[in-house]
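Subject: A structure for you, with notes on its salt bridges

Hi there,

Here is the structure I promised to pass on. Please open it next to this email, and read my notes below as you look around.

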Amino acid sequence: MRERILFNDNWTFVMNGREEAVTLPHDWNAKAGSKEGGGYYPGYLGTCLYRKSFPEPEAEGREVWLEFHGAAMTAEVCLNGVFLGRHEGGASAFRVNITGAIRKENELTVAVDNRPAGEACSQAGGFSPCGGIYRDVYLLIVPREHFSLDHCGGDGIRVTPAVSEDLSSADVTVETWQNGSSPVTILLDRQAQ
């Protein structure tokens, strides 16, 4: 059985040695263009850190993943000093398998850099660039065999319908990516209208 736990509370944000307790979603340039002004550093481009301490989750015999819905623009994830992954693309979701690095007590560090890089989106247009983990983060606990959680930020299943021009019929293609060897059974239920 899959568990999905919101993981937004009790983070520490670090910018240029300055620490602050934050709750996600968080954008360090959120106030850069507002009447309030200020923010941290209006229009700041660079790398900042997010840290979170948490106890070992109840996951015996299962895998534990982190699911990020958006971190602008590049994110590097470490758990207990072990580098686990890098993601480029501030507007796309990504997941990181943290199973092998988990201990009884854990220190998660996410370095986020909001400078354009690689395939990440351009920040042209004269607006203040966002920076940070600006969307929700979840802890996922899944069975050892599951649909792939690291395939292009998706759920390891792609359904592509092709409906006839007169809407009388459709062909449906289902593709799956999984990490285990168990066969996949797909049941289709056709409902006539």
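A salt bridge here is a side-chain nitrogen of Lys or Arg within 4 Å of a carboxyl oxygen of Asp or Glu. By this rule, there are nine salt bridges. As background, side chains of opposite charge can pair when their charged atoms come close.

Before you go further, please note that this is a predicted model, where local features need pLDDT of at least 70, side-chain atom pairs count only at pLDDT 80 or more, and totals for chains, interfaces and linings use all residues. Residues are numbered from 1 along each chain as its sequence is written, and side-chain values use heavy atoms, with hydrogens and water left out.

Let's begin with Arg62 and Glu3, whose side chains form a salt bridge at 2.9 Å, N to O. This pair links distant parts of the chain, 59 residues apart: Arg62 lies in strand 5 (residues 62-68) and Glu3 in strand 1 (residues 3-6). Strands (E, at least two residues) are DSSP runs, numbered from the N terminus.

Arg4 and Glu67 also meet in a salt bridge, again with 2.9 Å from N to O. Here Arg4 in strand 1 is linked to Glu67 in strand 5, 63 residues apart. Glu67 is buried at 4% relative accessible area, while Arg4 is partly exposed at 44%. (Buried means under 20% relative accessible area, exposed over 50%, and partly exposed in between, with a 1.4 Å probe and protein chains only.)

Finally, Arg115 pairs with Asp113 in a salt bridge, their closest N and O atoms being 2.6 Å apart.

Happy exploring!

Definitions and conventions. Helix = DSSP H or I, 4+ residues; strand = E, 2+ residues; numbered from the N terminus.
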